[in-house]
Amino acid sequence: AAAVAALVDYPFDTVRDGKPLKIADAAEFAREYDRIVTPDIARAITTQKYSQLMVNYKGVMFGNGEAWVNGICKDDACKDVDVRVVALQPTS
């Protein structure tokens, strides 16, 4: 949980039990990990084939949109970028 939490862009908006949820930081994400990274989301990530990744302006999509990663600019010129998890969400 802590390793995944370190890869997330905060504050992090997600959906839990059909309701929006804002996660403030890595500590909160780690505490809520099992409720955020559901078995369906984990399966979408772990079974994703590289050749079938979808990429657009929102980032790189895993599965049917269960997970997204994208580059986050660390400076105004966007010369320094971090790749972060920007979305984890149920699709059904």
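This is a predicted model: local features need pLDDT of at least 70, side-chain atom pairs count only at pLDDT 80 or more; totals for chains, interfaces and linings use all residues.
Me: Why is the contact between Asp-17 and Arg-35 called a salt bridge?
Reply: The closest N and O atoms of Asp-17 and Arg-35 are 3.6 Å apart. The cut-off is within 4 Å for a side-chain nitrogen of Lys or Arg and a carboxyl oxygen of Asp or Glu, so the pair qualifies.

Me: What makes this pair a tie between parts that are apart in sequence?
Reply: Asp-17 sits in the loop between strand 1 (12–16) and strand 2 (19–23), while Arg-35 belongs to helix 2 (residues 26–36), so the bridge ties together parts 18 residues apart in sequence.

Me: Why does Asp-17 count as exposed?
Reply: Its relative accessibility is 65%. Exposed means over 50%, and therefore Asp-17 falls in that class.

Me: What is the class of Arg-35, and why?
Reply: Arg-35 has a relative accessible area of 46%. Buried is under 20% and exposed is over 50%, so a value in between is called partly exposed. Arg-35 is thus partly exposed.

Me: How do you know that Glu-32 pairs with Arg-35, and where do the two residues lie?
Reply: Their closest N and O atoms are 3.6 Å apart, and the limit is within 4 Å, so this is a salt bridge. Both residues lie in helix 2, three residues apart, about one turn of the helix. Through shared partners, salt bridges join Arg-16, Asp-17, Glu-32 and Arg-35 into one network.

Me: Which residues and elements line the largest pocket?
Reply: The largest pocket, with a volume of about 220 Å³, is lined by 13 residues. Val-4, Leu-7, Ile-45, Val-85 and Leu-88 lie nearest its centre. Helix 3 (39–46), strand 5 (67–73) and strand 6 (81–88) each give two or more residues to the lining. Strand 6 gives the most, with four.

Me: How do the lining residues divide, and why do Val-4 and Leu-7 count as nonpolar?
Reply: The lining has eleven nonpolar residues, one polar and one charged.

Technical notes:
Residues are numbered from 1 along each chain as its sequence is written. Side-chain values use heavy atoms; hydrogens and water are left out. Buried means under 20% relative accessible area, exposed over 50%, partly exposed in between (1.4 Å probe, protein chains only). On a 1 Å grid over the protein atoms alone, a cavity is a set of points where a 1.4 Å probe fits but cannot get out, and a pocket is an open set with protein on both sides within 12 Å along at least five of seven lines; lining residues have an atom within 4 Å of a point. Grid points are joined across faces, edges and corners, and a volume is the space filled by probe spheres set on the points. Ala, Val, Leu, Ile, Met, Phe, Trp, Tyr, Cys and Pro count as nonpolar, Asp, Glu, Lys and Arg as charged, and the others, Gly among them, as polar.
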